[in-house]
Amino acid sequence: MSALMPIDLRCEHLFEPQGLNTRQPRFTWALQGSGRNRRQTAYRIVVGSDRNEVEAGHGSHWDSSRVASDESLLIAYAGRRLRSDETLFWTVQAWDEQGVVSGFSSPAMFRTGLMEQLDWTAHWISRSLVPPGGRTPPQDTVYDNPYSARPADYYRREFSLDRKVKRATVYATALGLYELHLNGTVVGDQVLAPGWTDYHKRVEYQSYDVTRLLATGRNAMGAIVGEGWYCGRVALDQKRAGSHYGSRPALICQLHIEYEDGSIEIVGTDASWTCSNEAIVYSDLLLGEKYDARLEQPGWDRPDFDDAAWWGAEETSPLPKAPLIDATRGVPVRRTVEFHAKYLHASGDGKLIFDLGQNIAGYTRLELEAPRDAVFLMRHGEALQPDGQLYTANLRWALATDTYISKGGRQVFEPRFTVHGYRYVELTVPSGTRPEAVKLTGVAVHSDMPVAGTFACGNDMLNQLHSNIVWTQRGNFLSVPTDCPQRDERMGWLGDAQVFFNAAAYNMDTAAFFDKWLVDIGDAQTAEGAFTDVAPSIVYTRFAPNPPRGAPGWGDAGVIIPWRMYERYGDIGVLDRCHDGMVRWLDLIERNNADYVRRNAVFSNWGDWLCLGPATSKPLFGTAYWAYMAEIMIGVAGILGRRQDEARFKAMHRDIRRAFRQAFLQKDGRLESDTQCAYLMALGFGLLDEADRDSALGHLLNSISVADGHIQTGIHGIRLACLVLAECGRADVAYDLLLKKTYPSWGFSIENGATTIWERWDGWTPERGFQSVNMNSLNHYALGAVGEFLYARVAGIEIVPAGAGRRLLLRPLPDRRLGWCRASYTSHAGAIASAWEYQDDMVLWDVTLPANCTASVELPETVTDVTLQGDTLPGMRQENGLKRFDIGSGTYRFALRAS
């Protein structure tokens, strides 16, 4: 057997983070090694500033020495105090179960960033409102612009270098959106930076290594800044966001240049920078972008450009209180996948209709050859009307329209600061332009989380369902987990995100993404202790005087998501950071509901949103979630060693559970709300005594039967539906729901062309067409929470609570209607795989577990015999009709005989 080798080195959940928020970063690695039952018995971490020395096992900052431990997740740094603006490297070696030590892993890098607010010597700058030196800035409305959207601001500054540069790093952010340039080159590959936060409290900055972009002699640094979430149109108000955050975009950046002699020079934003407008007439996340190529100023971001006509930038304090400038926690937003748009037809009024074949969030690249002054207009939509024209009614006030004015010749246009949710493009072209004269490419844009999971099976509809779930996640995980990417909403709704969390984490590595969003959730918590229904939170006049906050199932995400982060990634730090806010939320609920039935302080109180069947009692719904949170807090208190809290929440959980049964459980075993969601919550959250569970299951099955075998729950019941049925021994019914193709079902939307998850079961029906244009997104992930069932039970890869991928529960549920299934999941501890296939009355099941991981296997009653190819089966236990045994790391092939 080979020695165990550390691989996939992460720091603070990220591969090579470019800036840190902490002086005590945490290190994670997976292990690779052949053979079975491989495990780590010790490790050694080395950290230093010289890559070659670190690779050789010598660290200037920290050498942990040999630590006897099997832990490999989130090991805290304990070395020399870290300073700002450091580039460091780290490596790890591991000892295996025989005491054999590996070599050092290939070093991974991390940068510390600017760790104190005083490290920022640059100033916030905005376009000057006072004309210095007689140079008058143009007015915001100088262009034909009925929307009051401002043109993007272009900034520049030249400087000289006369010595050899060893290292150069730019730290930059904006109140708005920015694109950084250095000597004619766009810096980095991020888009829509710095992302969305509550700018009243914090804004995240990004770090870029620009050593290779600098030159001896004259250099030029520049930036384009748009309005974005900060002062453009956001959310539901159909107006500019000045009343939410600020009224003028602003930029701050500083370039740290370290010379070979060890000296450091800083070039930062200040009043010496100049500013102008150029070709971006306006760019708004909801409206779209207007770009007049005739206004381009070639060379504006290069040295020796004549900026005599530009005006001065103004040092500014953009808000009453300057926001905390915080290093990025999440993953960057990037361009990821491209789709060639296929020409379909000309619509009734001569406009050209193109189809990407996939609903995405992103923008359209336009390539063409055209005369000067020619105007091209692209409207985006998710569907076509029956007459072939673009369907845009569901966009509401989001115009989703990009306009390009030609400068003449061959040219390419890509919007910078806008995003559309769409599949189809309506292109208005000058008279006589043929479709083949233009090329449209859809560019998907989202937070670029590493892919974690794969899933495929012998049922084409389920494969499409999995694809739809993944693409809905791509379309909505954009800086924050939004509800939809197309209409004038796009907010970070907590209820949708918490039901989808586990499905999302199987598809992609969401650790850093949710770590960042949990900060937004904490920033939004009210003084009374209520978690808001959306984060980042802003004031919505539509909901005045009661903005959405604290609804059961939504505000509760402030407790549920930190716990799921711990379950999935083993992040105790998240629990510690979020703990006080979690307690304050439960304090608020308990303070207002002395009888432990949750009727008061329910605020927006959405209930089981978008259910089709009978409505579930909102007190029942809220009380069930309260019990679930109390159970979570028992676990949190135990992990954090808060024994008084643990006793308190045990008592709270006991009292809520008792109150639930007294208030809602009737003598015949029915619940007050005889609905699918009510029974799913009672069973899934463990609120019934054992004697009542069979009765509740019977009523659940009856409610499904009454609905002609269809699902009727909204977004909260949907996560539990198949999971609870399988847990109660009715996997057959779970599969019936999963594979249904008639309305309402996942299959129904797929049969009717869906490539993403619909917001509503009845988003479209053949009888009535598109429903409720005021709320009908065709790209909305909440009903895709069933993706958790695909991985956890269909494939059988289930993360044990707090197992963080090192401890697993393998519980596949083979079904002949699928024939075969193959899935994989890359946890932070390594890659896990499960694949099963029917061969006559046998099921062949292949399993791979990474080193340092263990799993408990649980097989259903339908399996009558189990053998392990080429080896003796581990000791098997028979419990409640189920076959159970444990395995360690390695590759296994089991033969299962099924009845």
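In helix α11, which runs over residues 690–706, the buried residues are R693, A696, L697, H699, L700, S703 and I704, where buried means under 20% relative accessible area, exposed over 50% and partly exposed in between, computed with a 1.4 Å probe on protein chains only. Please keep in mind that this is a predicted model, in which local features need a pLDDT of at least 70 and side-chain atom pairs count only at pLDDT 80 or more, while totals for chains, interfaces and linings use all residues. Residues are numbered from 1 along each chain as its sequence is written, and side-chain values use heavy atoms, with hydrogens and water left out.

The spacing of such a list can be read against the general rule that an α-helix has 3.6 residues a turn, so residues three or four places apart point the same way. The buried residues of α11 pack against α10 (676–684), α12 (715–727) and α13 (731–739), with contact meaning heavy atoms within 4.5 Å; helices here are DSSP runs of H or I with at least four residues, strands are runs of E with at least two, and both are numbered from the N terminus. The 17 residues of α11 should span 24 Å at 1.5 Å a residue, and the end C-alpha atoms are 25 Å apart, which agrees; the expected span is 1.5 Å times one less than the number of residues. After α11 comes D708, which has a positive phi, near 60 degrees.

Helix α5, residues 511–524, has 14 residues and reaches 20 Å from its first C-alpha to its last, close to the expected 20 Å, and 13 of those 14 residues are buried.

Let me turn to the strands. β1, β2 and β6 form an open sheet in the order β1-β2-β6, with antiparallel pairing, and two strands count as paired if DSSP finds at least two bridges between them. The edge strands are β1 (5–11) and β6 (75–76), each of which pairs on one side only. Between β1 and β2 (residues 26–32) there are five bridges, and C11 has F27 of β2 as its bridge partner.

How many aromatic pairs does a search of the whole structure find? There are 49, counting rings of Phe, Tyr and Trp (its six-membered ring) whose centres lie within 6.5 Å, with planes under 30 degrees apart called stacked, over 60 edge-to-face and the rest tilted. The rings of F27 and Y77 have centres 6.5 Å apart and planes at 80 degrees, so this pair is edge-to-face. Because F27 lies in strand β2 and Y77 in the loop between β6 and β7 (87–96), the pair ties together parts that are 50 residues apart in sequence. F27 is buried, at a relative accessible area of 0%, and Y77 is buried at 2%.

A tilted pair is made by Y625 and F685, with ring centres 5.5 Å apart and planes at 55 degrees. Y625 belongs to helix α8 (residues 618–640) and F685 to the loop between α10 and α11, 60 residues apart. Y625 counts as buried at 3% relative accessibility, and F685 is buried at 7%.

Finally, some words on confidence: pLDDT, the predictor's confidence in each residue from 0 to 100, averages 93 over the protein chain, and 96% of the residues score at least 70. Over residues 139–143 pLDDT stays under 50. Where pLDDT is low, the predicted coordinates should not be read in detail.
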